[in-house]
Amino acid sequence: MVIKKNKTQIKAVSYNDLIIGVSVSFIFILLSWMIDIIANNLTVNLSTIKQIHINNPIHWIVDLAPFIIGLIIFFFIKKRESDKNDFKAIIELRDQNINKNATLAKKIGEGNYEDDDKINDENDILAKSLLLMRDNLLANNKKEKEQNWISEGKDIISDILRMHNNINELAYEVILELIKYIDVIQGAFYIYDDEDKKLHNIATYAYNRKRYVTQEFKIGEGLIGQCAYEQDIVYRTEIPEDYATITSGILGDRKPSSILTVPLVTEEKLQGILEFASIKDEFSPLTIDFLKELGEIIARTLYNLRMNQTTEKLLLESQQMTEELKANEEQLRQNAEEMRATQEELEISNKNLETQITEVENAQKRLHSLLENASEVISIYDSEIKLKYQSPSVSQILGYTPEEMMRGKDMDRLTAKGEAAMKEMFEKLLEDSFTPITIQYTYIKKNGKKIHIETTGRNLLNDQAISGIILNSQDITERKRAEKEERMKSKMQSLSENSLDLILRMNTKGQFFYANPMIDDFLGIKSGDIINARIDDLEIEPLLVDFFKDSIKSIRRTNQKLNEELTIPTANKGIRIMSFNAIPEFNENELETILFVGHDITEAKKIELEIKDKNKKINESINYAQRIQTSILPSNTIIQEYLPKSFIFYKPRDVVSGDFPWFFKKEDIIYISAVDCTGHGVPGALLSFIGYFQLNNIVDHDVNYTAGQILDKLHFGVRTTLKQDRIDADARDGMDIALCRIDPKNKQLQYAGAHRPLFLLRNEELLEYKGNRKAIGGIPHRKKAEKDFINHTIDIKKGDKIFIFSDGLPDQVGGPEGRKYSPQRIRDNITMNNGFTMEQYSNLFSSDFTKWKGSTKQIDDVLLIGIEF
């Protein structure tokens, strides 16, 4: 009511202000009229007022002032009223927020956190803080309820665990209470048996009744085994109808919607598994956390119960043993009295025995020391040839302990020959017990070294002290080596005495120890006169003296053998060329003497010079033949004059070649071929001359011959030249060829071949034209007519590329596996690089062939011709 009254008063005041303002404005209008009338001395009437408005238009503006001022005052009043209303609304909203926040604070204080209150004003910080505080209190309240629920469940199960000492009863009560507490319909308790490594079902409760199920699972088998293997919770919510690999011990009449298995683990040891199934809802995270915490408590209780059961069992056994001991105690006491009486008698006899034992022990020690350091190995075998005693000296001599020898090393380390000798010795000793037998054989020591052993066997089976076959074995390796050296020295002495070489032996100081009889022929000194003499004491050729001294110095420094050729005057043979070898001789890795062997190579040198002279003449002849062959063969320059896009890869195996490129032009026809004659080197070059001139004569005779006809005529021409058409002919030489007749004007190519193909590359596709399977020349078959060479006609297209080659390229052995270069590699190089120019192809095949051949020797002449149209 007060507010309405104030509002009316405010409005009345506002309109009064409007009236006053308009009234004042009219006063100004009247003043402006009066000033203008007085200034112009006019009378006051309506016409005068009209006249002054006409004369002075500003009066119209002044006349409008009241209305303008009235509008301004009106709008100002309206604006002030609006501001006052807005301020009032703000005050009212603040009051509402305060009331609402007070209500919210009262609800929070009363513990009511569930109302869904919202914030109307985003700037209301107090409301936001109260809602945040409510949400935090709600979360803490929820968390506290969950913790209380977990704690209450733990307390319930802990009470059950404290009440029971029997594991089966405990398991049933625990699973029953847990099913009720977490609200599921099925549960099972599995105990882990550490002896058979299996999980056994000892309690199952399902559908509100106890079930008697006997199941067992291995670690890793089914969900139970998987949970045990991982020692972690296994939770399954998606269980397909046909998923047979999930094996649960509690699947009942209905398929559960989720299964949870909880491991019972304490101190990283598995005690059992809890399994739960639900057909309603999935297990909540709170339930899973509760069972996970509870699992360790149950596991620790199971562990303690098992330990208690084990302790009780041991205690029971201990009590039984105590009863038995009490029963025997009286008997033992009586026996003790008897033993005490005999003890005194034993003490007297023990003193005497101790003295005797000490004497025996000393004797045994002396015997063991003698046997251990003996130079022989003593072995005793029974009648079954089984080792029953081995002396300690075997460790020093053979490297094996007596125990190792007893386990079979006595026979295992023998060679086949030695094993046969031992077997034969035992057989003879068993047949004749009176005659000892001695054999020698090779034995492989523990370190792998072979030694020579001499063994003497005696049959003492009838001797009660031995009762066996005794073997005395000793290492005779050094004796064998000395005997061998003596034999070698005798043999070398005999060879040296009868050798035609000069043989001298001297020490590192130049003193002679030996000289064979040839010293008389070479140096004019008797062999007996040089023994023990020094180099400087004898009259020897100075060149030879310097050689001896330099050799001694060099061998003392390097311990390496030396060889040098010397031309020296001799006593009886004139000037001779000698090849001297200075050979160091060692004794126990120390240079002892030097053996000089001088071999007369004068005659060999003369023969070597003669051979060199003959080889020089042969090489000169071959080089001359090579110049002749080169002069008649076409060069790349001549061929490229008519076939600018072409190349020749030509690599003879020797100086002269059996393969050759042939080129001929007559009128508008171009002839080119790759010819491979039988053999290589000089024989092949001779055949190449025959082929070259025969081809020239044939094509020069008639330009109309086809490629096939040219080869037919060449075939018979070679036969006639080599007289292979005669009955007594035995020369089977000939040639393979790939021949092309090119007609550039008509854009036509004719090809014929003898064992050699033509490769045509057209539009990135490689075509192969094969030649006839017969060679040019050779002895004709007397009973079988020969077929003419096939003539292939090819229309030439721009960009076509042809390749012809001899068999030297595909037959070259090389590469990482030592295989042939092969026609397939040629095909691959052409097709894989189909955009190459002829120059690029030339470089490709040259480098690829060199790389393929590597260090392998070139086996034949190589020729490859490529042409692009």
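Which residue forms a salt bridge with D700, and how far apart are the closest N and O atoms? In this predicted model, the partner of D700 is K666, and the closest N and O atoms of the pair are 3.9 Å apart. Because K666 lies in strand β19 (residues 659-666) and D700 in helix α17 (residues 681-701), the pair ties together parts that are 34 residues apart in sequence. K666 counts as buried, at 18% relative accessibility, whereas D700 counts as partly exposed, at 44%.

**Salt bridges**

The count of salt bridges comes to 25. Some of them share partners, and in this way E565, K605, E608 and K612 are joined into one network.

| Pair | N to O distance |
|---|---|
| D194 and K197 | 3.3 Å |
| D613 and K617 | 3.6 Å |
| K666 and D700 | 3.9 Å |

In the pair of D194 and K197, K197 is partly exposed, with a relative accessibility of 45%. D613 and K617 both belong to helix α15 (residues 602-632), where four residues, or about one turn of the helix, separate them. D613 has a relative accessible area of 37%, so it is partly exposed.

**The protein as a whole**

The protein has 869 residues, of which 39% are buried, and its secondary structure comes to 20 helices and 30 strands. Among contacts with a separation of 6 or more, 58% are between residues 24 or more positions apart. The protein exposes about 53000 Å², and carbon and sulfur atoms supply 52% of this area.

**The largest nonpolar core**

In soluble globular proteins, nonpolar side chains tend to be buried together. The largest nonpolar core here holds 36 residues, and those that touch the most other members are V174, L178, F189, L274, F276 and I298. At least two residues of this core come from each of α4 (125-163), α5 (167-182), β1 (186-193), β2 (198-206), β6 (258-266), β7 (269-278) and α7 (285-372), and α5 gives the largest share, 11 residues. Leaving aside residues up to four places away in sequence, L274 touches I175, L178, A188, F189, L260, T261, V262, L264 and I298.

I68 is found in helix α3 and counts as partly exposed, at 46% relative accessibility.

Methods. Residues are numbered from 1 along each chain as its sequence is written. This is a predicted model: local features need pLDDT of at least 70, side-chain atom pairs count only at pLDDT 80 or more; totals for chains, interfaces and linings use all residues. Side-chain values use heavy atoms; hydrogens and water are left out. Buried means under 20% relative accessible area, exposed over 50%, partly exposed in between (1.4 Å probe, protein chains only). A nonpolar core is a set of buried Ala, Val, Leu, Ile, Met, Phe, Trp, Tyr and Cys residues joined through side-chain atoms within 4.5 Å. Contact means heavy atoms within 4.5 Å. Accessible areas come from the Shrake-Rupley method with a 1.4 Å probe; for residues, only the protein chains shown count as cover. A salt bridge is a side-chain nitrogen of Lys or Arg within 4 Å of a carboxyl oxygen of Asp or Glu.
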